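This report describes the structure shown below.

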Amino acid sequence: MVPSEWLKSQVVLSPVLGHLPITVIGNPVDTELFSPKETDELSRRFSIRRNETTVILVAQNLDNPFKGIRDGIKALNAIELDNLKVIIVGNSATEVATHLRHPTVELPFTSSKEELAAYYSLADLLVMPSRGE
């Protein structure tokens, strides 16, 4: 069992495991925890106004090339929207913010699922430019 089609494609190439049956079973998501939440207090704390469109970019290590952050930055910088705010969560968030032309909220990596769920609730859109997991 593997959690993604990409990983399956890699296992198939393995001289040790490639001959075995491979089933893809995606990583489970706790839909109770990762569901829309009330965000007024966090929005105030991070100065996110109601008229802003928020996009979130999350990775433990934003400088990991497999996370595709450079592609995400390029795509976000191509957006012509005056009220766009980018929420960046992960190690190197401040560095990533220097490459964006939109206002940002930079947050350090957290392993707290509750914090991550709250941050995701702040966003109108998740950008996930990963090239592999």
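Why does Thr39 count as buried? Thr39 is buried because its relative accessible area is 17%, where buried means under 20% relative accessible area, exposed over 50% and partly exposed in between, with a 1.4 Å probe and protein chains only.

## Basis of the model

The model is predicted: local features need pLDDT of at least 70 and side-chain atom pairs count only at pLDDT 80 or more, while totals for chains, interfaces and linings use all residues. Residues are numbered from 1 along each chain as its sequence is written, and side-chain values use heavy atoms, with hydrogens and water left out.

## Surroundings of Thr39

Thr39 is placed in the loop between α1 and α2. Apart from neighbours within four places in sequence, Thr39 is in contact (heavy atoms within 4.5 Å) with Ser121 and Leu122.

## Overall architecture

The protein chain has 5 helices and 4 strands, in the order α-α-β-α-β-α-β-α-β along the sequence. Helices (H or I, at least four residues) and strands (E, at least two) are DSSP runs, numbered from the N terminus. Along the principal axes, the C-alpha atoms of the protein chain fill a box of roughly 55 × 35 × 25 Å.

The protein chain has 133 residues, of which 35% count as buried. Where contacts link residues at least 6 apart in sequence, 61% of them join residues at least 24 apart. The protein chain exposes about 8700 Å², and carbon and sulfur atoms supply 55% of this area; accessible areas come from the Shrake-Rupley method with a 1.4 Å probe, and for residues only the protein chains shown count as cover.

## Surface patches

Patches consist of residues with over 30% relative accessible area and no salt bridge, like charges being joined within 9 Å and nonpolar side chains (Val, Leu, Ile, Met, Phe, Trp, Tyr) within 5 Å. A salt bridge is a side-chain nitrogen of Lys or Arg within 4 Å of a carboxyl oxygen of Asp or Glu.

A nonpolar surface patch is formed by Val16, Leu17 and Leu20, which together have about 260 Å² of accessible area. Leu17 lies in the loop between α1 (5-12) and α2 (40-45), and counts as partly exposed because its relative accessibility is 40%.

A surface patch of negative charge brings together Asp30, Glu32, Glu114 and Glu115. Glu32 is also in the loop between α1 and α2, and its relative accessibility of 68% is why Glu32 counts as exposed.

Methods:
Lys, Arg positive; Asp, Glu negative; His and termini not counted. Charge placed at Lys NZ, Arg CZ, Asp CG, Glu CD.
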